[in-house]
Amino acid sequence: MPRRAIPGLSAAAMSDVRRLELRRPHGDVTAGATELALRRYREFALSPGRRPLYPRPADCPAPGCDLDDVRYARSVLDEVLRRLPPRARAELGRQVAALDVRYLARTLPDPFADERRPWNAGPWWYRRLESP
(Lines give C-alpha, C1' and ligand atoms only; values in the text may rest on other atoms or scores of the structure.)
Protein backbone atom coordinates (compact mmCIF):
# COMPACT_ATOMS: atom_id res chain seq x y z
CA MET A 1 0.00 0.00 0.00
CA PRO A 2 1.17 3.55 -0.55
CA ARG A 3 2.85 5.26 2.39
CA ARG A 4 1.88 8.87 1.89
CA ALA A 5 1.28 11.53 4.48
CA ILE A 6 -2.31 12.27 5.42
CA PRO A 7 -3.10 15.91 4.62
CA GLY A 8 -4.07 17.87 7.71
CA LEU A 9 -2.34 15.61 10.23
CA SER A 10 0.63 16.81 12.21
CA ALA A 11 3.95 15.00 11.99
CA ALA A 12 3.36 13.62 15.49
CA ALA A 13 -0.06 12.26 14.56
CA MET A 14 1.35 10.74 11.36
CA SER A 15 4.04 9.10 13.44
CA ASP A 16 1.37 7.62 15.72
CA VAL A 17 -0.60 6.35 12.73
CA ARG A 18 2.49 4.73 11.19
CA ARG A 19 3.50 3.20 14.50
CA LEU A 20 0.00 1.76 14.91
CA GLU A 21 -0.02 0.36 11.37
CA LEU A 22 3.42 -1.24 11.70
CA ARG A 23 3.50 -2.29 15.34
CA ARG A 24 1.02 -5.09 15.13
CA PRO A 25 -0.86 -5.31 11.88
CA HIS A 26 -4.36 -5.98 13.14
CA GLY A 27 -6.79 -7.32 10.58
CA ASP A 28 -7.31 -4.50 8.16
CA VAL A 29 -5.04 -1.94 9.82
CA THR A 30 -1.81 -2.51 7.95
CA ALA A 31 0.85 -0.21 6.50
CA GLY A 32 -0.81 2.57 4.50
CA ALA A 33 -4.36 1.44 5.29
CA THR A 34 -5.30 4.62 7.15
CA GLU A 35 -4.35 6.96 4.32
CA LEU A 36 -6.02 4.77 1.72
CA ALA A 37 -9.23 4.35 3.74
CA LEU A 38 -9.42 8.09 4.46
CA ARG A 39 -8.81 8.93 0.80
CA ARG A 40 -11.54 6.51 -0.32
CA TYR A 41 -13.99 7.84 2.28
CA ARG A 42 -13.19 11.44 1.32
CA GLU A 43 -13.64 10.76 -2.41
CA PHE A 44 -17.04 9.22 -1.78
CA ALA A 45 -18.34 11.76 0.75
CA LEU A 46 -17.13 14.76 -1.25
CA SER A 47 -18.31 13.46 -4.63
CA PRO A 48 -19.56 16.34 -6.79
CA GLY A 49 -23.25 16.82 -7.28
CA ARG A 50 -26.31 16.92 -5.10
CA ARG A 51 -27.94 13.58 -5.79
CA PRO A 52 -27.91 10.84 -3.17
CA LEU A 53 -24.93 8.53 -3.15
CA TYR A 54 -25.27 4.78 -2.74
CA PRO A 55 -22.41 2.76 -1.26
CA ARG A 56 -21.79 -0.52 -3.02
CA PRO A 57 -19.98 -3.70 -2.08
CA ALA A 58 -16.50 -4.28 -3.46
CA ASP A 59 -16.61 -6.25 -6.69
CA CYS A 60 -13.08 -7.58 -6.43
CA PRO A 61 -12.39 -10.59 -4.16
CA ALA A 62 -8.65 -9.82 -3.90
CA PRO A 63 -7.22 -8.45 -0.63
CA GLY A 64 -7.00 -4.67 -0.73
CA CYS A 65 -10.08 -4.36 -2.94
CA ASP A 66 -12.21 -4.32 0.21
CA LEU A 67 -11.61 -0.59 0.45
CA ASP A 68 -13.59 -0.16 -2.77
CA ASP A 69 -16.59 -0.43 -0.44
CA VAL A 70 -16.67 2.95 1.30
CA ARG A 71 -18.42 1.40 4.30
CA TYR A 72 -15.51 -0.94 4.79
CA ALA A 73 -13.12 2.01 4.48
CA ARG A 74 -15.08 3.76 7.24
CA SER A 75 -14.80 0.62 9.40
CA VAL A 76 -11.00 0.65 8.96
CA LEU A 77 -10.97 4.30 10.07
CA ASP A 78 -13.10 3.39 13.08
CA GLU A 79 -10.61 0.71 14.08
CA VAL A 80 -7.69 3.12 13.70
CA LEU A 81 -9.47 5.80 15.74
CA ARG A 82 -10.13 3.34 18.57
CA ARG A 83 -6.46 2.38 18.76
CA LEU A 84 -4.71 5.75 18.36
CA PRO A 85 -3.42 7.78 21.30
CA PRO A 86 -5.72 10.69 22.31
CA ARG A 87 -4.03 13.57 20.41
CA ALA A 88 -3.68 11.70 17.14
CA ARG A 89 -7.23 10.34 17.58
CA ALA A 90 -8.53 13.89 17.96
CA GLU A 91 -6.72 15.11 14.83
CA LEU A 92 -7.85 12.24 12.63
CA GLY A 93 -11.25 12.19 14.33
CA ARG A 94 -11.96 15.78 13.26
CA GLN A 95 -11.39 14.84 9.62
CA VAL A 96 -13.50 11.71 9.85
CA ALA A 97 -16.31 13.52 11.69
CA ALA A 98 -16.50 16.18 8.96
CA LEU A 99 -16.73 13.43 6.33
CA ASP A 100 -19.37 11.61 8.41
CA VAL A 101 -21.57 14.70 8.20
CA ARG A 102 -21.24 14.69 4.40
CA TYR A 103 -21.79 10.92 4.21
CA LEU A 104 -24.99 11.19 6.20
CA ALA A 105 -26.18 14.14 4.10
CA ARG A 106 -25.52 12.39 0.77
CA THR A 107 -26.75 8.86 1.59
CA LEU A 108 -30.20 7.63 2.53
CA PRO A 109 -31.12 5.56 5.57
CA ASP A 110 -32.02 1.95 4.91
CA PRO A 111 -35.33 1.41 6.72
CA PHE A 112 -34.89 -2.38 6.52
CA ALA A 113 -31.25 -2.64 7.63
CA ASP A 114 -32.14 -4.05 11.04
CA GLU A 115 -34.62 -6.55 9.59
CA ARG A 116 -32.12 -7.92 7.05
CA ARG A 117 -29.47 -8.54 9.67
CA PRO A 118 -31.27 -8.73 13.02
CA TRP A 119 -28.30 -10.52 14.57
CA ASN A 120 -25.98 -7.62 13.68
CA ALA A 121 -27.26 -4.42 12.15
CA GLY A 122 -23.67 -3.16 12.08
CA PRO A 123 -22.35 0.35 12.52
CA TRP A 124 -24.47 3.29 11.36
CA TRP A 125 -22.51 3.68 8.12
CA TYR A 126 -23.68 0.23 7.01
CA ARG A 127 -27.32 1.12 7.67
CA ARG A 128 -27.60 3.32 4.56
CA LEU A 129 -29.20 2.31 1.26
CA GLU A 130 -26.68 0.64 -0.99
CA SER A 131 -26.43 0.49 -4.74
CA PRO A 132 -28.73 -2.13 -6.28
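**Charges on the surface and in pairs**

Modeller: Asp28, Asp59, Asp66 and Asp68 gather on the surface in a patch of negative charge. A patch takes residues with over 30% relative accessible area and no salt bridge, like charges being joined within 9 Å. The model is predicted: local features need pLDDT of at least 70, side-chain atom pairs count only at pLDDT 80 or more, and totals for chains, interfaces and linings use all residues. Residues are numbered from 1 along each chain as its sequence is written, and side-chain values use heavy atoms, leaving out hydrogens and water.

Biologist: Where does aspartate 66 lie?

Modeller: Aspartate 66 is in the loop between helix H2 (33–45) and helix H3 (70–83). Its relative accessible area is 33%, so it is partly exposed; buried means under 20%, exposed over 50%, and partly exposed in between (1.4 Å probe, protein chains only).

Biologist: How many salt bridges does a search of the whole structure find?

Modeller: Side chains of opposite charge can pair when their charged atoms come close. A salt bridge is a side-chain nitrogen of Lys or Arg within 4 Å of a carboxyl oxygen of Asp or Glu. The search finds ten. In one of them, aspartate 100 pairs with arginine 74, with the closest N and O atoms 2.8 Å apart. Aspartate 100 lies in helix H4 (residues 86–106) and arginine 74 in helix H3, so the pair ties together parts 26 residues apart in sequence. Arginine 74 is buried at 5% relative accessible area.

Notes. Patch = residues over 30% accessible without salt bridge, like charges linked within 9 Å, V, L, I, M, F, W, Y side chains within 5 Å. Areas by Shrake-Rupley, 256 points an atom, 1.4 Å probe, with all protein chains shown as cover. Lys, Arg positive; Asp, Glu negative; His and termini not counted. Charge placed at Lys NZ, Arg CZ, Asp CG, Glu CD. Helix = DSSP H or I, 4+ residues; strand = E, 2+ residues; numbered from the N terminus.
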